[in-house]
Amino acid sequence: MMSQSDNFQSVNSQSAISSSSTEHGVLCDCNRKAKIERAWTRKNPGRRFFGCKGRRVRNGYENCNFFRWFDVEKPHGWQHLALLAARDIIREQKEELAVLRNKVTIPNHEGSNMDISNEFVEKFKEKVEECEALKKEVLILGERSAVFRNVLVASSVGFAIILGGMIVMSKY
């Protein structure tokens, strides 16, 4: 039977192994640095483990299925329940994000559009057409305004010349 001090040393040595493993890296069975992943199973929600990150082979990845727990203790009590609730919320939010991404995406800077629902595409096209029509109207009104301004200036100059001529003629 282990004494409390033996048990304490055992736990401390496991902690030391875990912390030194993260500093120096844990190598998997295929001699690559293992990646830290997070388990979201009912039994181990949020618990971290080392796994083989694999290597790229043709059209996929090859790994050695290496597995070692990073977190020595399993979650328990209220922490276990809180992690399960967090896991469920995360899953719901991921599903909601996937649905939203399928519905709406934003055009990128290169001008190509990603998938956008037909309703939004039609509304967008209508707004683009309205905008183009308004731009044309602004150009036409700008040209008309320039013409009217020129007519007004020419009329004012003509009126001033005629008025000046009348004043000069009235003195004679």
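Reader: What do strand 1 and strand 2 form, and how many residues lie between them?
Author: Strand 1 and strand 2 form a hairpin, with four residues between them. Strands here are DSSP runs of E with at least two residues, and helices are runs of H or I with at least four, both numbered from the N terminus. The model is predicted, so local features need pLDDT of at least 70 and side-chain atom pairs count only at pLDDT 80 or more, while totals for chains, interfaces and linings use all residues. Residues are numbered from 1 along each chain as its sequence is written, and side-chain values use heavy atoms, leaving out hydrogens and water.

Reader: Why is strand 1 said to stand at an edge?
Author: The open sheet has three strands in the order 1-2-5, with antiparallel pairing. Strand 1 (35–40) and strand 5 (67–69) each have a single partner strand, so one side of each lacks a neighbour in the sheet.

Reader: Why is the pair of Phe-50 and Phe-70 called edge-to-face?
Author: The structure holds four aromatic pairs. Rings of Phe, Tyr and Trp (its six-membered ring) pair if their centres lie within 6.5 Å; planes under 30 degrees apart are stacked, over 60 edge-to-face, the rest tilted. For Phe-50 and Phe-70 the centres are 5.4 Å apart and the planes at 70°, so the pair is edge-to-face. Both residues are buried. Phe-67 and Trp-69 are also edge-to-face, at 5.0 Å centre to centre and 80° between the planes.

Reader: Why does Phe-67 count as partly exposed?
Author: Phe-67 has 44% relative accessibility, so it counts as partly exposed. Trp-69, with 28%, is partly exposed too.

Reader: Which residue lies over the face of Trp-69?
Author: Arg-47 does, at 3.8 Å from the ring centre. A charge sits over a ring if NZ of Lys or CZ of Arg is within 6 Å of the centre and within 35 degrees of the ring normal.

Technical notes:
Pairing = 2+ DSSP bridges. Buried < 20%, exposed > 50% of the residue type's maximum accessible area, 1.4 Å probe, protein only.
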